[in-house]
Amino acid sequence: MRDVVVAGPGEVFDVELDADLMRENERLARENADLLERHDVNAIDIMGSIGSGKTSLLGQMVRRLKKKCRIAVLEGDLTTTIDSDLIAKHGVKTVQINTGKECHLDANLVKKALMKIDLAAVDLLFIENVGNLICPAEFPLGSQKRIVVVSVTEGPYMVVKHPFTFSGADVVVVNKIDLARAMKVSIGKIERDIKRINSRVQIVRTNCRSGEGVAKVIEALGIEQLIGAI
Ligand code: MG
Ligand code: ZN
């Protein structure tokens, strides 16, 4: 016999559910969006679990786009600079945001990081969130588009267990498709789960290690059109 306890509104002691804080974050996100727009910066943020392949995808996109436009990257992480060191090797301006204990970026941290960038010299900004599929979705940062990366190695239930994150995405990247057979995971099933939550989202299959599918992610985001207009 199975029992289920369901948390009601405000029943979990979680600062993230504080309505005032959420409103303040939304206000700061709008400020960031205005600031970016004033400088003609196109901003895209990337969410996904630890190890899903966010940094690999970012590295692949930066490699393909850095000669076509001026790129800057914000890297969210609790304490390390592993990812920002990897991205900085591509020769693009990179700012590490260390959140300490916090499991997501918020608009205030992004605002602080933006002050370290000469926005007049940037056309395209990528923001990699802290590896986490839950709360980053609740904190808009001021970007225009959101990518969610999910890999087949996370198992078959990643999408249905995190509907909120997928409902807010513009593009979902299904990564590590080369490992689907070994993981006994159906990519088609993952895609159907995503479409059920978010029927307008674009889904792209990738192997971000080899680069397969990355050009399609760039296409799905409309980046070439954006930078074509610069
Ligand atoms: Mg990363
Ligand atoms: Zn969090």
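Colleague: At what angle do α2 and α9 pack, and how far apart are their axes?

Modeller: They pack at an angle of about 80°, with their axes 10 Å apart. Those axes are lines fitted to C-alpha atoms, for helices over the stretch in contact, and angles run from 0 to 180 degrees between N-to-C directions. Before we go on: this is a predicted model, where local features need pLDDT of at least 70 and side-chain atom pairs count only at pLDDT 80 or more, while totals for chains, interfaces and linings use all residues. Residues are numbered from 1 along each chain as its sequence is written, chains are lettered from A and ligands numbered from 1 in the order in which they are written, and side-chain values use heavy atoms, with hydrogens and water left out.

Colleague: And what is α2 relative to α9, roughly parallel or roughly perpendicular?

Modeller: Angles under 35 degrees count as roughly parallel, over 145 as roughly antiparallel, 65 to 115 as roughly perpendicular and the rest as oblique. The angle here is about 80°, so α2 is roughly perpendicular to α9.

Colleague: Which residues make that contact?

Modeller: α2 brings Leu57, Gln60, Met61, Arg64 and Leu65, and α9 brings Val214, Ala215, Val217, Ile218 and Leu221. Contact means heavy atoms within 4.5 Å. By class, that contact has eight nonpolar, one polar and one charged residues. For the classes, Ala, Val, Leu, Ile, Met, Phe, Trp, Tyr, Cys and Pro count as nonpolar, Asp, Glu, Lys and Arg as charged, and the others, Gly among them, as polar.

Colleague: What are α1 and α4 called, roughly parallel or roughly perpendicular to each other?

Modeller: Their axes come within 8 Å and cross at roughly 30°. Roughly parallel takes an angle under 35 degrees, so α1 and α4 are roughly parallel to each other. The crossing of α1 past α4 is left-handed, meaning that the near helix is turned anticlockwise from the far one by less than a right angle (clockwise would be right-handed). Asn25, Leu28, Ala29, Glu31, Asn32, Leu35 and Leu36 of α1 meet Ala107, Asn108, Val110, Lys111 and Leu114 of α4. That contact has seven nonpolar, three polar and two charged residues.

Colleague: How do you decide what gets a helix or strand label?

Modeller: Helices (H or I, at least four residues) and strands (E, at least two) are DSSP runs, numbered from the N terminus.

Colleague: Lysine 54 next: why does it count as buried or exposed?

Modeller: Buried means under 20% relative accessible area, exposed over 50%, and partly exposed in between, using a 1.4 Å probe and protein chains only. Lysine 54 has 5% relative accessibility, so it counts as buried. This lysine 54 is in helix α2. Leaving aside neighbours within four places in sequence, lysine 54 is in contact with Ile46, Met47, Gly48, Ser49, Glu128, Asn129, Gly131 and Val149. Lysine 54 and glutamate 128 are 74 residues apart in sequence, with their C-alpha atoms 7.1 Å apart.

Colleague: What makes a nonpolar core, by the way?

Modeller: A nonpolar core is a set of buried Ala, Val, Leu, Ile, Met, Phe, Trp, Tyr and Cys residues joined through side-chain atoms within 4.5 Å. The largest one has 27 residues, and Met61, Leu65, Ile71, Phe126, Ile147 and Ile223 touch the most other members. Another core, of 19 residues, lies apart from it, with Ala137, Met158, Phe166 and Ala169 among its members.

Colleague: What about aspartate 40: what is its phi?

Modeller: The phi is positive, about 55°, although aspartate 40 is not a glycine. Most residues other than glycine have a negative phi. Aspartate 40 is in the loop between α1 and β1. Its relative accessible area is 58%, so aspartate 40 is exposed.

Colleague: How do threonine 99 and glycine 100 come out?

Modeller: Threonine 99 has 12% relative accessibility, so it counts as buried. Glycine 100 has 32%, so it counts as partly exposed. Threonine 99 is in the loop between β3 and α4, and glycine 100 is found in the loop between β3 and α4.
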